[in-house]
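Please look over the sequence and the three-dimensional structure shown here before reading on. The text below goes through them step by step.

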Amino acid sequence: GDVYKRQYQRRVHGDIRLGMEAKEEKKTGDEEDLSVFVEKMLKDMQGKFDEMSKNITGKMDEMGSKIDELERSINELLKEAEANPSPEKKEEKSAQYNNFQRAFTHYLQKKKKKKKKK
(Lines give C-alpha, C1' and ligand atoms only; values in the text may rest on other atoms or scores of the structure.)
Protein backbone atom coordinates (compact mmCIF):
# COMPACT_ATOMS: atom_id res chain seq x y z
CA GLY A 1 0.00 0.00 0.00
CA ASP A 2 2.86 2.37 0.77
CA VAL A 3 4.28 1.99 -2.72
CA TYR A 4 0.98 2.99 -4.29
CA LYS A 5 0.64 5.83 -1.81
CA ARG A 6 4.13 7.19 -2.67
CA GLN A 7 3.49 6.88 -6.40
CA TYR A 8 0.21 8.72 -5.97
CA GLN A 9 1.89 11.49 -3.94
CA ARG A 10 4.67 11.85 -6.51
CA ARG A 11 2.13 12.08 -9.28
CA VAL A 12 -0.01 14.59 -7.43
CA HIS A 13 2.97 16.68 -6.30
CA GLY A 14 4.42 16.43 -9.81
CA ASP A 15 1.16 17.69 -11.26
CA ILE A 16 1.12 20.51 -8.71
CA ARG A 17 4.68 21.47 -9.59
CA LEU A 18 3.86 21.35 -13.29
CA GLY A 19 0.81 23.51 -12.63
CA MET A 20 2.91 26.04 -10.71
CA GLU A 21 5.49 26.15 -13.50
CA ALA A 22 2.71 26.70 -16.01
CA LYS A 23 1.38 29.57 -13.87
CA GLU A 24 4.85 31.11 -13.72
CA GLU A 25 5.16 30.84 -17.49
CA LYS A 26 1.70 32.35 -17.85
CA LYS A 27 2.64 35.15 -15.45
CA THR A 28 5.78 35.88 -17.45
CA GLY A 29 3.72 35.97 -20.64
CA ASP A 30 1.21 38.32 -19.01
CA GLU A 31 4.03 40.56 -17.80
CA GLU A 32 5.48 40.66 -21.32
CA ASP A 33 2.06 41.48 -22.74
CA LEU A 34 1.64 44.25 -20.17
CA SER A 35 5.12 45.57 -20.91
CA VAL A 36 4.40 45.63 -24.67
CA PHE A 37 1.05 47.31 -24.04
CA VAL A 38 2.57 50.00 -21.80
CA GLU A 39 5.41 50.61 -24.26
CA LYS A 40 2.94 50.98 -27.14
CA MET A 41 0.76 53.29 -25.09
CA LEU A 42 3.76 55.49 -24.20
CA LYS A 43 4.82 55.65 -27.85
CA ASP A 44 1.28 56.64 -28.84
CA MET A 45 1.21 59.32 -26.14
CA GLN A 46 4.61 60.62 -27.25
CA GLY A 47 3.37 60.78 -30.85
CA LYS A 48 0.27 62.70 -29.80
CA PHE A 49 2.34 65.03 -27.64
CA ASP A 50 4.74 65.70 -30.53
CA GLU A 51 1.81 66.40 -32.86
CA MET A 52 0.21 68.78 -30.35
CA SER A 53 3.54 70.56 -29.82
CA LYS A 54 3.92 71.06 -33.58
CA ASN A 55 0.36 72.39 -33.82
CA ILE A 56 0.87 74.81 -30.94
CA THR A 57 4.20 76.01 -32.30
CA GLY A 58 2.65 76.47 -35.74
CA LYS A 59 -0.23 78.48 -34.33
CA MET A 60 2.14 80.64 -32.29
CA ASP A 61 4.24 81.33 -35.40
CA GLU A 62 1.08 82.19 -37.33
CA MET A 63 -0.07 84.58 -34.59
CA GLY A 64 3.38 86.21 -34.52
CA SER A 65 3.22 86.76 -38.27
CA LYS A 66 -0.26 88.27 -38.00
CA ILE A 67 0.87 90.61 -35.21
CA ASP A 68 3.89 91.71 -37.27
CA GLU A 69 1.62 92.35 -40.26
CA LEU A 70 -0.77 94.33 -38.06
CA GLU A 71 2.11 96.43 -36.74
CA ARG A 72 3.25 97.23 -40.30
CA SER A 73 -0.28 98.21 -41.31
CA ILE A 74 -0.71 100.45 -38.28
CA ASN A 75 2.65 102.12 -38.89
CA GLU A 76 1.66 102.77 -42.51
CA LEU A 77 -1.65 104.24 -41.38
CA LEU A 78 0.13 106.45 -38.85
CA LYS A 79 2.52 107.73 -41.52
CA GLU A 80 -0.38 108.43 -43.89
CA ALA A 81 -2.26 110.29 -41.17
CA GLU A 82 0.79 112.43 -40.43
CA ALA A 83 1.34 113.21 -44.11
CA ASN A 84 -2.31 114.00 -44.97
CA PRO A 85 -4.04 115.70 -42.05
CA SER A 86 -7.63 116.55 -42.79
CA PRO A 87 -8.69 120.16 -42.17
CA GLU A 88 -12.00 119.36 -40.43
CA LYS A 89 -11.89 118.48 -36.76
CA LYS A 90 -8.13 118.75 -36.89
CA GLU A 91 -7.79 119.32 -33.16
CA GLU A 92 -10.03 116.36 -32.21
CA LYS A 93 -8.26 114.05 -34.64
CA SER A 94 -4.91 115.30 -33.47
CA ALA A 95 -5.75 114.45 -29.85
CA GLN A 96 -7.04 111.01 -30.84
CA TYR A 97 -3.97 110.42 -32.97
CA ASN A 98 -1.63 111.47 -30.17
CA ASN A 99 -3.37 109.13 -27.72
CA PHE A 100 -3.22 106.27 -30.20
CA GLN A 101 0.41 106.98 -31.04
CA ARG A 102 1.39 106.98 -27.33
CA ALA A 103 -0.45 103.70 -26.75
CA PHE A 104 1.05 102.07 -29.82
CA THR A 105 4.56 103.28 -28.99
CA HIS A 106 4.14 101.86 -25.48
CA TYR A 107 3.02 98.54 -26.98
CA LEU A 108 6.05 98.41 -29.29
CA GLN A 109 8.41 99.14 -26.41
CA LYS A 110 6.90 96.32 -24.35
CA LYS A 111 7.23 93.95 -27.29
CA LYS A 112 10.90 94.85 -27.81
CA LYS A 113 11.57 94.19 -24.10
CA LYS A 114 9.94 90.76 -24.37
CA LYS A 115 12.04 89.87 -27.43
CA LYS A 116 15.22 90.90 -25.61
CA LYS A 117 14.33 88.59 -22.69
CA LYS A 118 14.09 85.60 -25.05
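The paragraphs that follow go from the overall fold to single residues and their partners.

This is a predicted model, in which local features need pLDDT of at least 70 and side-chain atom pairs count only at pLDDT 80 or more, while totals for chains, interfaces and linings use all residues. Residues are numbered from 1 along each chain as its sequence is written, and side-chain values use heavy atoms, with hydrogens and water left out.

The protein has 2 helices and 0 strands. Both terms refer to DSSP runs, numbered from the N terminus: helices are H or I runs of at least four residues, and strands are E runs of at least two. Helix α1 covers residues 2-83, and helix α2 covers residues 90-117. Of the 118 residues in the protein, 6% are buried. Here buried means under 20% relative accessible area, exposed means over 50%, and partly exposed lies in between, with a 1.4 Å probe and protein chains only. The accessible surface of the protein comes to about 11300 Å², and 56% of this belongs to carbon and sulfur atoms. Such areas come from the Shrake-Rupley method with a 1.4 Å probe, and for residues only the protein chains shown count as cover.

Where do the helices meet? E71, in helix α1, touches F104, Y107, L108 and K111, not counting residues up to four places away in sequence; contact means heavy atoms within 4.5 Å. E71 counts as buried because its relative accessibility is 13%. A81 also lies in helix α1. A81 and Y97 are 16 residues apart in sequence, and their C-alpha atoms are 8.4 Å apart in space. With 39% relative accessibility, A81 is partly exposed.

Next come the aromatic rings. A pair of aromatic rings is described by the distance of the centres and the angle of the planes. Rings of Phe, Tyr and Trp (its six-membered ring) pair if their centres lie within 6.5 Å; planes under 30 degrees apart count as stacked, over 60 as edge-to-face and the rest as tilted. The structure holds 2 aromatic pairs. F100 and F104 form a stacked pair, 6.1 Å centre to centre with 10° between the planes. These two residues lie 4 residues apart in helix α2, about one turn of the helix. F104 is buried at 8% relative accessible area, whereas F100 is partly exposed at 38%. Ring pairs link F100, F104 and Y107 into a cluster.

The structure also holds 3 salt bridges, each a side-chain nitrogen of Lys or Arg within 4 Å of a carboxyl oxygen of Asp or Glu. E39 forms one with K43, with the closest N and O atoms 3.5 Å apart. Being 4 residues apart in helix α1, E39 and K43 are separated by about one helical turn. K43 is exposed at 56% relative accessibility, and E39 is partly exposed at 46%. K40 and D44 meet at 3.2 Å, N to O, and E62 and K66 at 3.4 Å.

Finally, L34, F37, V38, M41, L42 and M45 make a nonpolar surface patch of about 570 Å². Patches are made of residues with over 30% relative accessible area and no salt bridge; like charges are joined within 9 Å and nonpolar side chains (Val, Leu, Ile, Met, Phe, Trp, Tyr) within 5 Å. M45, found in helix α1, is partly exposed at 48%.
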